[in-house]
Amino acid sequence: LGAGDLAKTQVDASVTYNGVPIKVAGALDLRKLKNIPMDMKVDLSGNMLHAQGRLRHATSEPRFSGTLKAEASTLMTTLNNMLGLELTEMPFSFDGDVDASATSFETSQFVIKANNTSAHLVSDINMSKSGMISGKASVSVPEFDGANWGACGAETETSKTASKGGSAPTKKGERFSKEPIDFTALRKLNLTLTAAIDKLNCGSASIHNVTTNLSMKKGLVQLKPFSFKAGEGSFVTNMTFDATGERANGSLKTNINSLNPADIMDSKVKADIPLNGVISLDFSGRSMEGLVNNINGTANIKATEGKVGGVPLGALKLGVETFSGLAFGGGENYELQQLSLPFVVENGVFKTENSIVELSSQTLAAKGYVNIPKWRINMDITPKISSGKGTLMTLPLKLSGPLDKPGIKPDLNSAQGIGAAIGTAVGGPLGTGVGAAVGSMLSGQNKDAQKKKIDETTNKVKEEINKAVPKELKGLLGF
């Protein structure tokens, strides 16, 4: 203790806990416990924390004012070894001014860096004796790349091991939990959060001027607004969520103004289509299942101009790949005539009776539903491929199955039918019977039942198709 001089107290300690070395070194002036100058460094197995400033009221309500610096590349792994945790590693550093105690945190110049993302934090947050947390915070980020956080189709080395903390929100077999949501913690918040990201990247997609203003007042949450821009277009969402009572209620309204997918996504297939639309939803419930089952409202996305280019059709086989290739054709640019995606939402089910994408000589019509509570989609899709001489092919398709893994195949039960589709495509010389057999062969369906018929007609079909099918459709049909 400084040979009796408390003004020159030196700290130099080393301990090992569960095999993890911890070192503490620094200086303290213990003459005045109400205002202690300090310069302390903590080395936790190579993870460094440096606190330089003053520690006030050390014996009653400790409060630190000064600067904090940290360089932590393996802190989570170290804590896992020390405490038996299963935290996911995330190298990070921070540097800035802090005024903090057990009940408050304030900073004006504080920079946090993690996974190649830099953020500037300004905050003034306090916690009362009743547990109410009040204050405000703002975060600004020059550029955020989701790939650095294991999202957007990329995975960092440290994101491969997921954290196992917390309990599962749903029981086995449940997609949305039936357990009532406890909003107690939300009702103890009186915070305002402002966030701004100059540029946000996600794989080949990027947007800019991302802003959000979020206020939480004792269970009433308002997002006014969340917005971003892409080129000259914009996306703006306002949301209110009221959890002040036993049953939560909310509303969401989104405005899409000339938002062009070509300005967001960089890909070979370019959809240069300015989109406009409004999404208006209301929801209520006591559990996550209840909230999902009580989504109601409308949605309508439209476009009246634009181009679609670079859609590869190549060697797509009829009914095997995807309806987009069948609808748009291959490798050319197409003028958009109209796009209309109207939905009515009832109890979590998004229904459409007449969604349509009409390009020059190609049209895609769809009707059906997306059932969020049951996590299923069932859509009847009808692409029509035309030429200057009229319709070359109309092929009914069925898109159905789980939302995260739907399947698409020719709709053999539709009024149009595969046989009629093939008959239309080849100008009618083969008839619907042969067409149905060919449709079954190409789509991989009913092979056993149709094998004999297919064997008998395959050679004839190929010969007739070579004569009757326009040149641009031969690759489409797989011959």
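S284 sits in strand β16, which covers residues 275–285. This placement comes from a predicted model. S284 counts as buried because its relative accessibility is 15%, and the cut-off for buried is under 20%.

The side chain of S284 has a polar partner. It makes a polar contact with the side chain of R247, at 3.4 Å. R247 is also among the residues that S284 touches beyond four places in sequence. A248 and N249 are on that list too.

## The chain as a whole

The protein chain has 479 residues, and 35% of them count as buried. Its secondary structure comprises eight helices and 25 strands. Strand β16, the one that holds S284, spans residues 275–285.

Contacts also reach along the sequence. Take those between residues at least 6 apart: 42% of them join residues at least 24 apart. The accessible surface of the protein chain comes to about 26,500 Å². Carbon and sulfur atoms account for 54% of that surface.

## Confidence in the model

The average pLDDT of the protein chain is 79. A score of at least 70 is reached by 72% of the residues.

Over residues 313–330, pLDDT stays under 50. The model has 53 contacts for this stretch beyond four places in sequence. Residues 417–447 also stay under 50. For residues 417–447, the model has 62 contacts beyond four places in sequence.

Technical notes
Residues are numbered from 1 along each chain as its sequence is written. This is a predicted model: local features need pLDDT of at least 70, side-chain atom pairs count only at pLDDT 80 or more; totals for chains, interfaces and linings use all residues. Side-chain values use heavy atoms; hydrogens and water are left out. pLDDT is the predictor's confidence in each residue, from 0 to 100. Contact means heavy atoms within 4.5 Å. Helices (H or I, at least four residues) and strands (E, at least two) are DSSP runs, numbered from the N terminus. Buried means under 20% relative accessible area, exposed over 50%, partly exposed in between (1.4 Å probe, protein chains only). A polar contact is a pair of N or O atoms within 3.5 Å; within protein, one must be able to donate a hydrogen and the other to accept it, and residues adjacent in sequence count only if both atoms are side-chain atoms. Accessible areas come from the Shrake-Rupley method with a 1.4 Å probe; for residues, only the protein chains shown count as cover.
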